[in-house]
Amino acid sequence: MHKIAVIPGDGTGPEVVREGLKVLDAASKKFGFKYETQTFDFGGERYLKTGEILPDSAVPDLRKFEAIFLGAIGHPDVKPGILEQGILLKLRFSLDQYINLRPVKLYNADFCPLKGKNPEDIDFVVVRENSEGLYKGLGEFQKKGTKDEVAIQISHNTRAGVERCIRYAFEFARKRNKRKQLTLCGKTNVLTFAWDLWQRIFNEVAKEYTDIKTDYAHVDATTMWFVKNPEWFDVIVTDNMFGDIITDLGAMIQGGMGIAAGGNINPKGVSMFEPIGGSAPKYTGKNVINPLAAICALGMLLENIGEKIAAKAIEDAVIKIVGTKLKSLAAGKMGYGTAEVGDLVVKYL
Ligand code: IPM
Ligand code: MN
C-alpha cells in the first residue's frame with residue numbers, strides 16, 4: 001500500500017491536483033497497485049484564516065509518507081515570499097530534498113517556440129541543487145534605509161552538499177543511459193569561490209565515472225544554447241539559483257509551464273513532486289488550466305515509488321494527447337477544459 005501525502009495548495013493547485021489524482025486512481029486499477037492519500041490544507045487560504053503558515057506537526061507528519069504530491073503555493077493576498085519560503089522551501093529543506101530534478105522534454109514540435117526543433121532535439125534533464133546556494137537565506141542589511149545601505153546575499157556551498165548533488169547527477173546520467181553526458185553549468189569566470197569548489201568536486205567525482213562524458217558551460221552560455229542547440233544537452237548539473245532560472249527557460253522550450261514537472265528528491269527520504277508553474281491565480285476555478293504538468297509530476301512520483309510501468313504508461317498517454325489532441329498547451333487554449341484533459345489521459349492510459 002503506497003502512502004501518498006497530497007498538498008493541493010493555492011490557486012489552480014487544487015484543480016490540477018484533482019486531475020493528477022484522477023489519473024492515479026485509474027493507474028492503480030489498471031496496473032494493480034494500492035495506495036492511500038491524505039490531504040494537507042497548507043497554503044494561502046489556511047494562512048489567511050489561521051495565521052499559521054506551516055504547523056509544527058507538518059514535517060513529522062509528512063515524513064510518514066512515501067511521497068508528496070504538491071499542487072502550487074502562492075496566494076495573491078499574501079505578500080510574496082511568505083508562503084514560498086514558509087511552505088515550499090521549508091519543506092524542501094526540512095525533508096532534505098537536496099535534488100530538484102527537472103526533465104525538459106518536447107512532446108510535440110508544434111508547441112515549441114524554437115523554429116526547426118523536434119522532440120528528438122529537446123530531451124534533457126536538469127539536476128538542480130535544492131538545499132543550498134543563495135537559497136540558504138544568508139546575508140544582511142547594513143545601514144538599512146540610509147543612502148549608504150548595503151544588502152548582502154550569500155551563496156553558501158558546502159563540500160558535502162555540492163558533492164552529493166554532483167554524485168546524484170553522475171548516477172542519474174548513467175542510469176538514464178542516453179548520451180551519457182553530464183554538463184556542469186556554472187559561472188567559474190566570476191563567482192570564483194562557489195564555482196571553484198563546484199568545479200573541483202565535479203572533476204574529482206568524474207574520475208569515478210569514466211563512462212560519462214563531461215563538459216562545462218557558463219550559465220549565460222547555457223541559456224543561449226538552450227535556444228540555439230538544445231540537442232547538445234543530456235544531463236545538466238547546477239546550483240540552486242541557476243537551476244531555478246534555466247529551468248523556466250527549459251519549461252518554455254518544452255512547450256510551456258502547462259507541461260513542465262519536477263521532483264524535489266531526497267534519495268533516502270520523502271520526495272515531493274510538483275508542476276513547476278505557479279498557482280496562476282487568474283485562472284483559478286475556470287477549468288482552463290493545463291493539468292498535464294501535474295499529471296507528469298504524478299508520473300514522476302510513481303516512478304520514484306517503484307511503479308515504473310504505470311509511470312511509463314502515463315508519459316505515453318501524455319505524449320499521445322499532446323501529439324494528437326490538444327490545440328495548445330496554454331491555459332484556455334487547449335481545446336479542452338482542465339477536467340477533460342485529465343479524462344483524456346485516463347482514456348489513453
Ligand atoms: C521553483 C519556484 C520556487 C523556487 C519559488 C516559488 C520559491 O520558482 O520551484 O522554481 O525559486 O525554487
Ligand atoms: Mn522557479
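Predicted model: local features only at pLDDT ≥ 70, side-chain atom pairs only at ≥ 80, totals over all residues.
Residues are numbered from 1 along each chain as its sequence is written, chains are lettered from A and ligands numbered from 1 in the order in which they are written, and side-chain values use heavy atoms, with hydrogens and water left out.

Helices (H or I, at least four residues) and strands (E, at least two) are DSSP runs, numbered from the N terminus. Axes are lines fitted to C-alpha atoms, for helices over the stretch in contact, and angles run from 0 to 180 degrees between N-to-C directions.

| Helices | Axes come within | Crossing angle |
|---|---|---|
| Helix 1 (13-31) and helix 9 (292-304) | 8 Å | roughly 45 degrees |
| Helix 10 and helix 11 (338-348) | 8 Å | roughly 120 degrees |
| Helix 1 and helix 10 | 10 Å | roughly 125 degrees |

Helix 1 is therefore oblique to helix 10 (under 35 degrees counts as roughly parallel, over 145 as roughly antiparallel, 65 to 115 as roughly perpendicular and the rest as oblique). Helix 1 and helix 9 are oblique to each other too, and so are helix 10 and helix 11.

Now to the residues that touch, where contact means heavy atoms within 4.5 Å. From helix 1, Val-16, Glu-19, Gly-20, Val-23 and Leu-24 meet Ala-294, Ile-295, Leu-298 and Leu-302 of helix 9. That contact has seven nonpolar, one polar and one charged residues (Ala, Val, Leu, Ile, Met, Phe, Trp, Tyr, Cys and Pro count as nonpolar, Asp, Glu, Lys and Arg as charged, and the others, Gly among them, as polar).

Val-23 also takes part in the contact with helix 10: together with Ala-27 and Phe-31 in helix 1, Val-23 meets Ile-309, Ala-310, Ala-313 and Ile-314. Here there are seven nonpolar residues, with no polar and no charged ones.

Elsewhere on helix 10, Ala-317, Lys-320 and Ile-321 meet Leu-344, Val-345 and Tyr-348 in helix 11.

Helix 10 leads us to the largest pocket, giving the most to its lining with six residues. Strand 4 (99-105), helix 5 (159-176) and helix 9 are among the elements that each supply at least two lining residues. Of the 33 residues in the lining, Leu-101, Pro-103, Phe-172, Met-300 and Glu-303 lie nearest the centre of the pocket. By class, the lining has 17 nonpolar, six polar and ten charged residues. A pocket is, on a 1 Å grid over the protein atoms alone, an open set of points where a 1.4 Å probe fits, with protein on both sides within 12 Å along at least five of seven lines; lining residues have an atom within 4 Å of a point.
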